[in-house]
Amino acid sequence: MFGSLKALPADPILGLLAKYREDANPQKIDLGVGVYKDEAGHTAILDCVKNAEKYRHDNEDTKVYIGPTGSPLFNEEMAKLIFGNHKVLSENRARTVSTPGGTGALRVAAEFIRSCKAGTTIWVSNPTWANHTGLFSAAGLTVKTYPYYDYENKTLDFEGMLAALKEVSADDAVLLHACCHNPSGMDLSQEQWQQVAEVAKDKGFLPVIDMAYQGFGDGLDEDAYGLRLMADSVEEMIVCSSCSKNFGLYRERIGATTIIGKSAAASDIANSVLLSVVRCIYSMPPAHGAAIVETILNSDELRHQWYGELKEMRDRINGNRQLIVEKLIENGVTRDFSHIVRQKGMFSFLGITPEQVQQLQDEYSIYMVGSSRMSIAGIANSNVDYLAQSIAKVL
């Protein structure tokens, strides 16, 4: 049976990482993989995480299954982190299950949507995270795109986006990035979120919100503004969240899928279907990452420690945005790169051609995705001069 298989190309980002690791150039720079790095280029474990792990090590007394929903405390704390004091919680309309990472959350959501209506079309932004299309297609959904990023002007194509959403059917789903858009870094303003929420309410489509970077843009509550506004406007929605970035729990693979129903009773019915989906994919979610997160969020001391560490990461990324723009100017670059400062989160499009991206890789050992999407966290005081000089030479 295996003889009929043909090799598939490697994931471009993972392939880029492999090339970077093999590169012997001591000045090499990795701007490809979306993982936070400190000034030394290291992805350290947060102190709050170490403290929570010690608590778990000292107090865990069983390895029994935790059930398809995952830990009830984790689910409760994640719902509060996502929605704050929103009415969907007081009205008991939210149902959360823990999942194997944000990717697992998206796949669970996709399978749930297919259970609601086979062959559903889901609209994703152009561009979007590369894995979105594969995840939704694999679940049997039809994937279409709406305009989002204006490559020429390096800004949001909001008019095009809004016009496309006004044509979406009530039977369709629309994927929206809550904050820190991947790959463009270009987020909706509060006023634009208000217009999108009005269209969602008017057209009746199902909003699916992907929130992988809460706290990496402007702050935990600020980054959830659009999501909470949407929950004010529609009766049903899905939120897929991840703890990989803001807790630094990349390898623990912990995320959550949250479904909002029209009423508590409707949410209970939806939850029963959601649990059936979970049972047929991975049966029970992993427990360790969820235990770390719930320990942090359920402790005043650890939660405030996390707030400080998260702010440090956010401030460093935002500082790197300003730093690279300033260094490009210092190196005589006259092209306007101010869009980098206006964007948010881990990523930005540099705005150069694929040929120039390849030249940076071949001649200067600087690695980024062919679209010129770069991970801002890969910039450091120790490499920014070399990076800016190299970009200037390529330009």
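Begin by selecting helix α7 (residues 158-165), which lies across β4 and β7 (173-177) and runs at about 140 degrees to β4. Contact here means heavy atoms within 4.5 Å, and angles, from 0 to 180 degrees, are taken between the N-to-C directions of axes fitted to C-alpha atoms, for helices over the stretch in contact. Helices (H or I, at least four residues) and strands (E, at least two) are DSSP runs, numbered from the N terminus. The model is predicted, so local features need pLDDT of at least 70 and side-chain atom pairs count only at pLDDT 80 or more, whereas totals for chains, interfaces and linings use all residues. Residues are numbered from 1 along each chain as its sequence is written, and side-chain values use heavy atoms, with hydrogens and water left out.

**The sheet.** Next, display the open sheet of seven strands, whose order is β2-β10-β9-β8-β7-β3-β4, with mixed pairing; two strands count as paired if DSSP finds at least two bridges between them. At the edges stand β2 (94-99) and β4 (142-147), each with a single partner strand, so one side of each is left without a neighbour in the sheet. On average, neighbouring strands of this sheet are turned by 25 degrees against each other, direction ignored.

Now select β2 together with β10 (residues 255-260), which pair in the antiparallel sense over six bridges. Along this pair, valine 97 stands opposite threonine 257, and threonine 99 has glycine 255 as its bridge partner. Although β2 is an edge strand, six of its six residues are buried, where buried means under 20% relative accessible area, exposed over 50%, and partly exposed in between (1.4 Å probe, protein chains only). In a regular strand the side chains alternate between the two faces of the sheet. Coloured by direction, Ala94, Thr96 and Ser98 point one way from β2, while Arg95, Val97 and Thr99 point the other way.

Move on to helix α12 (residues 288-297), where nine of the ten residues are buried, so it is largely enclosed by the rest of the structure. Its buried residues, among them Ala291, Ile292 and Glu294, pack against α2, α3 (72-83) and α13. From there, pick arginine 56 in helix α2 (residues 47-59), which is buried, with a relative accessible area of 15%. Leaving aside residues up to four places away in sequence, arginine 56 touches Lys63, Ala287, His288 and Ala291.

**The largest pocket.** Finally, show the largest pocket, with a volume of about 940 Å³. On a 1 Å grid over the protein atoms alone, a pocket is an open set of points where a 1.4 Å probe fits, with protein on both sides within 12 Å along at least five of seven lines, and lining residues have an atom within 4 Å of a point. Of its 34 lining residues, the closest to the centre are Val33, Gly34, Val35, Trp129 and Lys245. Helices α1 (12-22), α5 (101-116) and α6 (130-138) each supply at least two residues of the lining, and α1 gives the most, with five.

Stay on α1 and select leucine 17, which is buried, with a relative accessible area of 17%. Leucine 17 and valine 33 are 16 residues apart in sequence and 6.9 Å apart in space, C-alpha to C-alpha; not counting residues up to four places away in sequence, leucine 17 touches Asp30 and Val33.

Conventions: Points joined across faces, edges and corners; volume = space filled by probe spheres on them.
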